[in-house]
Amino acid sequence: MCIFCDIVSGKEKSYKIYENEKTLGFCDIFPISKGHILVIPKKHYEDIYDIDEETLMEVFKTVKKITNILKEKMEIKGVNLINSNTKIANQSVFHFHVHVIPRREKDNLNFIGEWWVKKIMKLTDSELNEVKNKLTG
Ligand SMILES: [Zn+2]
């Protein structure tokens, strides 16, 4: 049983914003901000490890469409794109999805992505080299 598959099939109610043959964009019913949209492939893929490249591209094409729609219709000029994979990363619905989260001036949502704003972690040159060597060796 997958809630997003039920949304695709129409068994579960949803607020559709955009859809094409392979993907769907609809309102998150527990939005972080007004206009928070979820984009999913219509076919069930669990996460980034499961989804194929072609479908992933289709999902991101729809993400792009959604950001344009938000810009045109809601004057949204900034978004965070969030995609979580596996339980380790707090994925909650195990059907691949990308959050498109509209940002507005002084919206107090800076906790989104605050690790790069606050630069929480700092590695030394040798630690960064170790990471690089591990990933490219
Ligand atoms: Zn599903």
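**Notebook: a chain of helices and strands**

I began with the order of the elements: from the N terminus on, the protein chain runs α-β-β-β-α-β-β-α-α. I noted at once that this is a predicted model. My tally for the protein chain is four helices and five strands. I then looked up the overall extent. The C-alpha atoms fill a box of roughly 55 × 35 × 25 Å along the principal axes.

**Entry: the sheet**

In which order do the five strands lie in the sheet? I read S1-S2-S3-S5-S4, in an open sheet with antiparallel pairing. Strand S1 (16-19) and S4 are at the edges. Each has a single partner strand, so one side of each has no neighbour in the sheet.

Helix H2 (residues 53-74) does, and it touches S1, strand S2 (23-27), S3, S4 and S5. The direction of H2 makes about 155° with that of S3.

**Entry: the pairs around S5**

I reminded myself of a general point: strands of a sheet pair through backbone hydrogen bonds, either parallel or antiparallel. Here I looked at strand S5 (residues 98-103) and strand S3 (residues 37-41), which run antiparallel and are joined by three bridges. Val39 has Val98 in S5 as its bridge partner. Ile37 stands opposite Val100 in S5.

Then I turned to strand S4 (residues 78-82). How many bridges join S4 to S5? I found five, and these two strands also run antiparallel. One pair I wrote down is Val79 with its bridge partner Pro102 in S5.

**Entry: the core**

In soluble globular proteins, nonpolar side chains tend to be buried together. I looked for such a group here. The largest nonpolar core has 20 residues. Phe26, Ile37, Val39, Ile40, Val63, Ile66 and Val100 have the most contacts inside it. Helix H1 (3-9), S2, S3, H2 and S5 each supply at least two residues of this core.

I picked out Ile40 from that list. I left aside its neighbours within four places in sequence. Ile40 is then in contact with Phe4, Thr23, Leu24, His95, Phe96 and His97.

For the whole protein chain, I noted that buried residues make up 20% of the 137 residues. I also noted the reach of the contacts. Of those with a separation of 6 or more, 55% join residues 24 or more positions apart.

**Entry: His44**

I found His44 in the loop between S3 and H2. Is His44 buried, partly exposed or exposed? It counts as partly exposed, because it has 15 C-beta neighbours inside 10 Å, and a buried residue needs 20 or more.

I then compared two positions. His44 and His95 are 51 residues apart in sequence, yet 5.9 Å apart in space, C-alpha to C-alpha. Leaving aside neighbours within four places in sequence, His44 is in contact with Cys2, Cys5 and His95.

**Entry: helix H4**

Last, I looked up helix H4 (residues 125-136), which has 12 residues. From first C-alpha to last, H4 reaches 16 Å, close to the 16 Å expected at 1.5 Å a residue. Why does H4 lie largely in the open? Of its 12 residues, the number buried is zero, so I put H4 down as lying largely in the open.

Technical notes:
Residues numbered from 1 in each chain as written. Predicted model: local features only at pLDDT ≥ 70, side-chain atom pairs only at ≥ 80, totals over all residues. Pairing = 2+ DSSP bridges. Expected span 1.5 Å × (residues − 1). Contact = placed C-beta atoms within 7 Å. Axes fitted to C-alpha atoms, helices over the stretch in contact; angles between N-to-C directions. Core = buried A, V, L, I, M, F, W, Y, C linked by C-beta atoms within 7 Å.
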